[in-house]
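Below are some notes for a colleague who has not looked at this structure before. They are set out as numbered points.

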Amino acid sequence: MKDLQAYCSKLLKDLISIPSFDEEQFPKMQEFILDKLRDLGCEAFVDTTSGSIIARKSVNRNDKTILLSALYVTVGPTTAWTIDPLIPKEKNGRVYGLGASDCKGGIVSILAALKRAKPSNYAVLVINGYE
């Protein structure tokens with residue numbers, strides 16, 4: 001379990017470090033997520049029309065399909081931050097930074113579930129750049 005926690009913590013920090021509040025920043029985020037999905041055995045690509053990352057983990061196409069979804073876009077940083085929002089900070093087992101809970105944390109949860117659970121059914125992921 002500690003390995004999974006370390007994986008999640010590092011992954012979240014990496015995601016926070018990649019700005020994704022402006023459309024021009026999306027390609028770097030998309031490539032990072034695509035690499036992680038492919039490392040987990042998913043077929044993955046970016047739909048150029050929507051900017052969405054579409055991924056499939058085809059274990060058993062005849063079984064039920066699970067749809068998992070999250071966003072990689074965040075709001076822009078504001079002056080209300082007391083830390084640099086693009087430099088993740090871990091304190092008391094929690095990671096702070098722009099998008100940590102909305103929704104880069106959601107992306108981490110999806111990737112951790114795929115890594116740990118190894119579903120036997122057909123998983124489809126949609127990770128959007130636009131709300």
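1. D102 sits in the loop between strand 5 and helix 3; helices (H or I, at least four residues) and strands (E, at least two) are DSSP runs numbered from the N terminus. With a relative accessible area of 52%, D102 is exposed; the terms are buried for under 20% relative accessible area, exposed for over 50% and partly exposed in between, with a 1.4 Å probe and protein chains only. Leaving aside residues up to four places away in sequence, D102 touches V73 and T74, where contact means heavy atoms within 4.5 Å.

2. The model is predicted: local features need pLDDT of at least 70 and side-chain atom pairs count only at pLDDT 80 or more, while totals for chains, interfaces and linings use all residues. Residues are numbered from 1 along each chain as its sequence is written, and side-chain values use heavy atoms, with hydrogens and water left out.

3. The peptide bond between D102 and C103 is cis, with omega at about 5°. C103 belongs to the loop between strand 5 (94-96) and helix 3. N92 is found in the loop between strand 4 (89-91) and strand 5, and its relative accessibility of 73% makes N92 exposed.

4. Within strand 5 lies V95. Is V95 buried or exposed? V95 is buried, at 16% relative accessible area. Not counting residues up to four places away in sequence, V95 touches S9, L12, K13, I16, P88, K89, E90 and A100. Of these, I16 is 79 residues from V95 in sequence, and the two C-alpha atoms are 9.4 Å apart.

5. The chain has three helices and six strands. In sequence order they give the pattern α-α-β-β-β-β-β-α-β. The radius of gyration is 15 Å, close to the 14 Å that the globule rule gives for 131 residues, so the chain is as compact as a globular protein of that length; this radius is taken over C-alpha atoms, and the rule is 2.2 Å times the number of residues to the power 0.38. Along the principal axes, the C-alpha atoms fill a box of roughly 50 × 40 × 20 Å. Buried residues are 42% of the 131 in the chain. Of the contacts with a separation of 6 or more, 69% join residues 24 or more positions apart.

6. Two packed helices are described by the angle between their axes and the distance between the axes. Axes here are lines fitted to C-alpha atoms, for helices over the stretch in contact, and angles run from 0 to 180 degrees between N-to-C directions. Helix 1 (residues 2-17) and helix 2 (residues 26-39) have axes that come within 10 Å and cross at roughly 160°. That makes the two helices roughly antiparallel; angles under 35 degrees count as roughly parallel, over 145 as roughly antiparallel, 65 to 115 as roughly perpendicular and the rest as oblique. In this contact L11, D14 and L15 of helix 1 meet M29, F32, I33 and K36 of helix 2. By class there are five nonpolar, no polar and two charged residues, with Ala, Val, Leu, Ile, Met, Phe, Trp, Tyr, Cys and Pro taken as nonpolar, Asp, Glu, Lys and Arg as charged, and the others, Gly among them, as polar.

7. The axes of helix 2 and helix 3 (residues 104-117) come within 11 Å and cross at roughly 20°. These two helices are therefore roughly parallel. Helix 2 contributes M29, I33, K36 and L37, and helix 3 contributes K104, I107, L111 and L114. The contact has six nonpolar, no polar and two charged residues.

8. Helix 1 also packs on helix 3, at an angle of about 145° and with the axes 9 Å apart. Residues on the helix 1 side include L4, Y7 and C8, and those on the helix 3 side include G105, V108 and R116. This contact is made up of 11 nonpolar, one polar and three charged residues.
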